[in-house]
Amino acid sequence: DRQWAETLVGRALGVLAGEFAGVGKTEQFEILKPWLLGPLDSLSQSDAASRLGLSEGAVKVAIHRLRLRFRELVKAEIAHTVPDPAQVQDELRYLVDVLAS
């Protein structure tokens, strides 16, 4: 199950990276990506803002939007694995549980 969860998350990350690359924002994606997978110890939002030449508020908004899009992509990946769209939310909860353990 863990391998399934990691593969699914990896696919969603790949699609998201491709979207950022497509609009010339690869560096932004690489700097903000750690906020998708859990708490950070190594980089503050202030440091990220400085590296990206953005305000701290703009970085907070960018992280929020990144998380929303990532969630959409994960749900889309899950939808490919279940026969009934109504099962996506249950599978998403299960995926989070698997990754948390």
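## Ground rules

Because this is a predicted model, local features need pLDDT of at least 70 and side-chain atom pairs count only at pLDDT 80 or more, while totals for chains, interfaces and linings use all residues. Residues are numbered from 1 along each chain as its sequence is written, and side-chain values use heavy atoms, with hydrogens and water left out.

## The overall fold

Let's start with the whole chain. Its secondary structure comes to five helices and zero strands, and reading along the sequence gives the pattern α-α-α-α-α. Here helices (H or I, at least four residues) and strands (E, at least two) are DSSP runs, numbered from the N terminus. The C-alpha trace spans about 45 × 30 × 20 Å along its principal axes.

Of the 101 residues in the chain, 31% are buried. Buried means under 20% relative accessible area, exposed means over 50%, and partly exposed lies in between (1.4 Å probe, protein chains only). Among contacts with a separation of 6 or more, 55% come from residues 24 or more positions apart; a contact means heavy atoms within 4.5 Å.

## Helix α1

Helix α1 covers residues 2-22, and its end C-alpha atoms are 30 Å apart, which agrees with the 30 Å that its 21 residues should span at 1.5 Å a residue. The expected span is 1.5 Å times one less than the number of residues.

Which residues of α1 are buried? They are A5, L8, V9, A12, L13, L16 and F20. Seen down the helix axis, these residues fall within an arc of 135°, so they line one face of α1. The arc is that of the directions from the helix axis to the C-beta atoms.

Helix α3 (residues 45-52) buries A48, A49 and L52. Down the axis of α3 these fall within an arc of 100°, so they too line one face of the helix. They pack against α2 and α4, whereas S50 and R51 are exposed on the face turned away from the buried side. Just after α3, G53 takes a positive phi of about 70°.

Helix α5 has 13 residues and reaches 18 Å from its first C-alpha to its last, close to the expected 18 Å. Its buried residues are V88, L92, L95 and V98. Within an arc of 125° as seen down the axis, they line one face of α5. What covers them includes α1 and α4, and on the other side of α5, D97 and A100 are exposed.

## The largest pocket

The largest pocket has a volume of about 350 Å³. On a 1 Å grid over the protein atoms alone, a pocket is an open set of points where a 1.4 Å probe fits, with protein on both sides within 12 Å along at least five of seven lines, and lining residues have an atom within 4 Å of a point. Grid points are joined across faces, edges and corners, and the volume is the space filled by probe spheres set on the points.

Of the 14 lining residues, L36, F70, L95, V96 and L99 are the closest to the pocket centre. The elements giving two or more residues to the lining are α4 and α5, and α5 gives the most, with five. By class, the lining has eleven nonpolar, one polar and two charged residues. For these classes, Ala, Val, Leu, Ile, Met, Phe, Trp, Tyr, Cys and Pro count as nonpolar, Asp, Glu, Lys and Arg as charged, and the others, Gly among them, as polar.

Leaving out residues up to four places away in sequence, E77 touches L8, R11 and A12.

With residues up to four places away left out, K75 touches V88, Q89 and L92. Both V88 and L92 are among the buried residues of α5. The C-alpha atoms of K75 and V23, 52 residues apart along the chain, are separated by 23 Å.
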